Amino acid sequence: MVATPRLPDFAWGVATSAYQIEGATAEDGRGPSVWDTFSATPGKIRDGHTAETACDHYRRFPEDIALMRDLGIDVYRFSTAWPRVQPGGAGPANEAGLDFYERLVDGLLEAGITPIATLYHWDLPQPLEDSGGWIDRDTAHRFAEYAAITAERLGDRLRHWITLNEPFEHMALGYALGQHAPGHTYLLDSLPAAHHQMLGHGLATLALRAAGASHVMLTNSYTPAIPFSGNETDIAAARDYDALHRGLFTDPVLLGRYPDFSGFGLDSAALPFVKDGDLDTIAQPLDGLGVNYYNPTRIAAPAPETPLPFDIAEFDHVPTTDFGWPVIPSGMTQTLVELTEDYGDALPPLWVTENGCSYDIAPDAEGRIDDRVRIDYLSAHVKAVDDAIEQGADVRGYLVWSLLDNFEWAEGYHQRFGLVHVDFETQARTPKASFDWYADLIAQRREGDDAGAPGDTAGDQH
Ligand code: BGC
């Protein structure tokens with residue numbers, strides 16, 4: 001077994017998730033997940049794409065590790081698939097599934113790359129959805145059991161763990177609006193799915209610590225809520241949106257309470273699904289907070305008869321990615337600085353665990369992919385992280401979403417976020433111009449770091 005490399009004070013990396021790249025959905029004992037069911041439902045995924053093969057990473061992972069070695073990254077964030085590790089969502093582990101992650105982790109360590117494993121990136125075992133999914137409190141306990149099984153097997157070589165990825169998106173898209181698996185349209189009745197994910201996070205953190213984990217994080221998505229205008233009604237709407245997107249998934253973890261939900265007609269101190277002791281369980285000390293940042297969100301007062309106290313509006317005259325997402329790098333600085341100011345001493349070190357953009361640039365006659373729009377996006381956002389550090393944010397790492405073009409959920413293979421182009425017919429991988437740019441940036445920063453350049457933050461993160 002190879003020892004975990006020592007991380008620099010500021011780590012560079014890339015991120016992926018199991019369902020989006022692995023494929024092999026029915027192999028070696030993997031059970032079905034909510035995403036398999038959702039993808040098989042006509043009309044849910046653009047052009048009926050499925051992740052049955054995805055990037056075939058399950059078989060091609062050595063080639064993908066070689067690409068990461070060429071990039072020169074310090075850390076690789078991937079996710080373990082719960083239905084591969086524990087096919088029924090409860091009960092015994094699937095040793096073949098754990099074997100796969102052990103091979104992956106060993107390959108990373110041999111390449112000098114520190115693995116960061118996310119335990120849950122939205123692929124719930126279908127049997128758990130059949131008994132209520134995250135609306136059911138028991139799923140939080142099942143999640144802790146799965147965390148314990150995974151850490152017991154991998155914890156001797158894998159030190160860095162993330163419990164959940166973006167519980168806000170999972171609740172909003174999966175349980176409130178029905179655009180993601182499991183496809184429910186419960187609107188505000190989806191709130192138990194938020195609380196039970198938070199409870200699952202706390203219980204899993206305890207399980208990871210019991211198995212000896214030394215570095216545990218939660219990854220949230222963050223987006224500054226920008227009021228549509230200076231009108232009091234728009235400002236109040238932005239405050240309510242922020243309570244839902246940021247406060248709901250940050251306050252209980254860092255402050256041990258839920259934010260003010262009066263704008264939703266709710267008393268956050270008397271939510272019926274919150275039991276005595278839950279908030280203490282949720283507020284476990286963490287070693288870092290993962291920040292996924294893509295863009296800010298413009299918020300207006302709601303139109304009459306709208307069920308929610310806000311509307312989402314478009315920004316005027318800003319460039320957008322192929323996904324239609326506004327490109328506003330200053331939102332990255334704002335996110336990191338506001339977390340720092342608003343949570344103060346309660347805030348652990350920050351890690352940008354995802355940042356990236358979707359641009360579909362076809363290979364030219366020589367097969368090169370000249371994605372300078374991605375280089376522009378990423379360099380502006382790295383600069384925005386530098387600015388946040390200068391303004392006092394304690395940021396320890398920056399990870400690009402994503403290493404590979406991959407299965408972009410309801411958009412299928414239409415949105416390409418990768419530094420590496422994937423031909424989904426042949427599985428050929430071709431590094432894009434942005435790949436070379438990122439490799440150069442990492443090499444330059446590493447030299448600069450030795451001389452104490454920006455991004456050189458103090459403290460022990462190991
Ligand atoms: C998710 C990824 C997703 C990316 C781009 C994040 O919300 O964690 O799984 O692919 O954004 O949409």
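The structure is a predicted model.

**The ligand and its surroundings**
- The residues around the ligand are Gln20, His121, Trp122, Asn165, Glu166, Tyr294, Trp325, Glu354, Trp401, Glu408, Trp409 and Phe417, and by class this shell divides into six nonpolar, three polar and three charged residues.
- Histidine 121 has a polar side-chain atom 2.8 Å from an oxygen atom of the ligand, and glutamate 408 likewise places a polar side-chain atom 2.6 Å from a ligand oxygen atom.
- In tryptophan 409, an N or O atom of the side chain is 2.9 Å from an oxygen atom of the ligand.

**The packing of H8 with H10**
- On the H8 side the residues in contact are Pro167, Phe168, Glu169 and Met171, and on the H10 side they are Tyr241, Leu244, His245, Leu248 and Phe249.
- Sorted by class, the contact of H8 with H10 holds seven nonpolar residues, one polar residue and one charged residue.

**Backbone positions to look at**
- Most residues other than glycine have a negative phi, and most peptide bonds are trans.
- Glutamate 166, one of the residues around the ligand, has a positive phi, near 45°, and glutamate 166 lies in the loop between strand S4 (160–165) and H8.
- The peptide bond that joins alanine 181 and proline 182 is cis, with omega about 5°, and proline 182 belongs to the loop between H8 and helix H9 (191–210).
- A cis peptide bond also runs from tryptophan 401 to serine 402, where omega is near 15°, and serine 402 is found in the loop between strand S11 (395–401) and strand S12 (420–422).
- Tryptophan 401 is also among the residues around the ligand.

Note on methods
Residues numbered from 1 in each chain as written. Predicted model: local features only at pLDDT ≥ 70, side-chain atom pairs only at ≥ 80, totals over all residues. Heavy atoms only, no water. Contact = heavy atoms within 4.5 Å. Helix = DSSP H or I, 4+ residues; strand = E, 2+ residues; numbered from the N terminus. Nonpolar A, V, L, I, M, F, W, Y, C, P; charged D, E, K, R; others polar. Near = heavy atom within 4 Å. Polar contact = N/O pair within 3.5 Å; in protein donor to acceptor, adjacent residues only side chain to side chain.
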